[in-house]
Amino acid sequence: MRHTIGDEFTRVRERMAELLCKKSLQVSEVTTDPDSAAGRASESLYKDGLFQNNFIDTRHLSDTTGKSFKKDQ
């Protein structure tokens, strides 16, 4: 299926689902940047029960939060 760059979430979700469903690959934990399409896709697949733990990259989270605070000042 073809996707536009604006539909990054769908593309990432499909690829992650393919990897998570492979019998030769066992994934129980995923860590992503929560502000990215990969983060949203991972959260969606976690809610679907495709893996056990969905972690966020705290360095990216703190960078994003800091930038948000600076922008609001």
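Biologist: Why is Ala 41 called buried?

Modeller: Buried means under 20% relative accessible area, exposed means over 50%, and partly exposed is in between, using a 1.4 Å probe and protein chains only. Ala 41 comes out at 0% relative accessibility, so it counts as buried. Mind you, this is a predicted model: local features need pLDDT of at least 70, side-chain atom pairs count only at pLDDT 80 or more, and totals for chains, interfaces and linings use all residues. Residues are numbered from 1 along each chain as its sequence is written, and side-chain values use heavy atoms, with hydrogens and water left out.

Biologist: What does Ala 41 touch, not counting residues up to four places away in sequence?

Modeller: Phe 9, Val 12, Arg 13 and Met 16. Contact here means heavy atoms within 4.5 Å.

Biologist: What makes up the largest nonpolar core?

Modeller: Nine residues: Val 12, Met 16, Ala 17, Leu 20, Val 30, Ala 37, Ala 41, Leu 45 and Phe 51. A nonpolar core is a set of buried Ala, Val, Leu, Ile, Met, Phe, Trp, Tyr and Cys residues joined through side-chain atoms within 4.5 Å. H1 (8-21) and H2 (37-47) each supply at least two residues of this core; helices are DSSP runs of H or I, at least four residues, and strands are E runs of at least two, numbered from the N terminus.

Biologist: How do you know that E1 and E2 pair?

Modeller: Pairing takes at least two DSSP bridges between two strands. E1 (residues 29-32) and E2 (residues 53-56) have four bridges, in the parallel sense, so by that rule they pair.
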